[in-house]
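Hi,

Here is the structure I said I would pass on. Have a look below, and then read on for what turned up when I went through it.

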Amino acid sequence: MLRFTVVSLLSSALLAAAPARIPGQVVASRSVASTEPVYLIVRSDDGGMSHSVNMGLERLIESGIPVSVSVMWGTPWYQETVDILKRHPEVSVGVHLTLNSEWKNLRWGPVLGQRAVPTLVDSLGLFFPSSQALHDNHPDLAQVEAELRAQIERAKRSGLKVDYLDFHMGTVSRYPEFREIAERLAKEYGVGLSGYFGEGSNAPQYDVPPAAKADTLVALVNRLDSRFNLLVTHVGIDDAELGALIDMNTDGGLAEMSRNRQGELDALTAGRFRDALRARNVRLITYRQLIEMQGLKSMRRPGGGG
């Protein structure tokens with residue numbers, strides 16, 4: 001396994017000096033002066049979705065990359081994710097706020113159960129496969145809040161330190177009424193919101209062929225122009241379990257998802273990615289470290305508006 005060296009990220013000197021799955025999106029917050037460090041957060045989503053995804057996450061963590069892992073707390077394998085993360089307390093843990101279930105052959109529903117939140121589920125009592133399908137069902141906002149709160153509460157009961165919230169498939173951030181609930185919950189629970197610290201959001205490797213993903217990550221590192229940056233990733237092991245899943249998300253599913261998730265894992269752990277980071281002096285940090293550097297009071301909604 002490749003081991004990544006973290007250069008004094010937690011040193012007091014550094015801290016004193018420091019001030020939504022949307023494939024391919026790049027949002028630059030501001031240009032960086034040549035004397036300022038450039039920071040990159042690697043956030044890996046969908047923890048707990050399946051055993052294959054968890055094994056990919058574990059391999060990524062064990063490669064030595066400082067990583068933030070976003071866990072879906074209502075999915076079948078989340079307890080295994082908890083066990084992995086308890087062995088790696090250096091990992092920053094997030095709640096991947098989930099209101100959708102997009103995979104044919106692998107479905108899940110609300111933590112609260114279908115009877116408690118009937119407007120959030122389809123005829124089978126499971127989450128809808130797309131953001132639009134959920135919204136078209138006119139979900140009760142009190143039920144949305146109750147379910148998101150239940151996911152955060154389950155995360156806190158796990159014994160893990162929860163640092164931040166983010167949004168599975170971007171659903172909770174897509175609709176203003178949902179976003180306001182998430183912002184209120186983040187404030188109530190004293191956690192961060194991914195994307196609210198001015199970190200430019202990137203996922204250029206998501207929809208390129210597996211063999212091209214490493215090149216895409218190297219190119220990303222070479223063009224970073226924000227002081228703080230976010231790389232959103234989806235890793236897994238290309239095996240029969242993951243290969244049996246078909247994306248039903250009408251916003252644009254990704255074919256050969258199993259091969260693509262293995263490709264992201266291989267690219268992230270490749271020596272070329274490590275070398276590119278070193279050459280540009282890009283420093284990997286986690287959301288826990290970003291929050292320590294900036295503070296929760298610095299959070300602002302992306303694009304303005306509060």
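Let me start with a pair of helices. Helix α2 (residues 51-62) and helix α3 (residues 78-86) have axes that come within 10 Å and cross at roughly 10°. Angles under 35 degrees count as roughly parallel, so α2 and α3 are roughly parallel to each other. On the α2 side the contact is made by H51, N54, M55, E58 and I61, and these meet E80, T81, I84 and L85 of α3.

Beyond its neighbours within four places in sequence, T81 is in contact with G47, G48, N54 and V71.

Before going further, a word on confidence: this is a predicted model. The protein averages a pLDDT of 89, and 87% of the residues score at least 70.

10 of the 10 residues in β1 are buried, so the strand is largely enclosed by the rest of the structure. Its pairings are as follows:

- With strand β10 (residues 282-285), β1 pairs in the parallel sense over 4 bridges; Y39 has R283 as its bridge partner in β10.
- With strand β8 (residues 228-233), β1 pairs in the parallel sense over 6 bridges; here I41 stands opposite L230.
- With strand β2 (residues 68-71), β1 is joined by 3 bridges and the two run parallel; S44 stands opposite V69.

Strand β5 (residues 162-167) is another one to look at. What puts β5 largely inside the rest of the structure? 6 of its 6 residues are buried, so β5 is largely enclosed. Strand β3 (residues 92-97) pairs with β5 in the parallel sense over 5 bridges, with V93 opposite V162 of β5. β5 also pairs with strand β6 (residues 192-193), again in the parallel sense, over 2 bridges, and the bridge partner of Y164 in β6 is G192.

Cheers

Notes. Residues are numbered from 1 along each chain as its sequence is written. This is a predicted model: local features need pLDDT of at least 70, side-chain atom pairs count only at pLDDT 80 or more; totals for chains, interfaces and linings use all residues. Side-chain values use heavy atoms; hydrogens and water are left out. pLDDT is the predictor's confidence in each residue, from 0 to 100. Axes are lines fitted to C-alpha atoms, for helices over the stretch in contact, and angles run from 0 to 180 degrees between N-to-C directions. Angles under 35 degrees count as roughly parallel, over 145 as roughly antiparallel, 65 to 115 as roughly perpendicular and the rest as oblique. Contact means heavy atoms within 4.5 Å. Buried means under 20% relative accessible area, exposed over 50%, partly exposed in between (1.4 Å probe, protein chains only). Two strands pair if DSSP finds at least two bridges between them.
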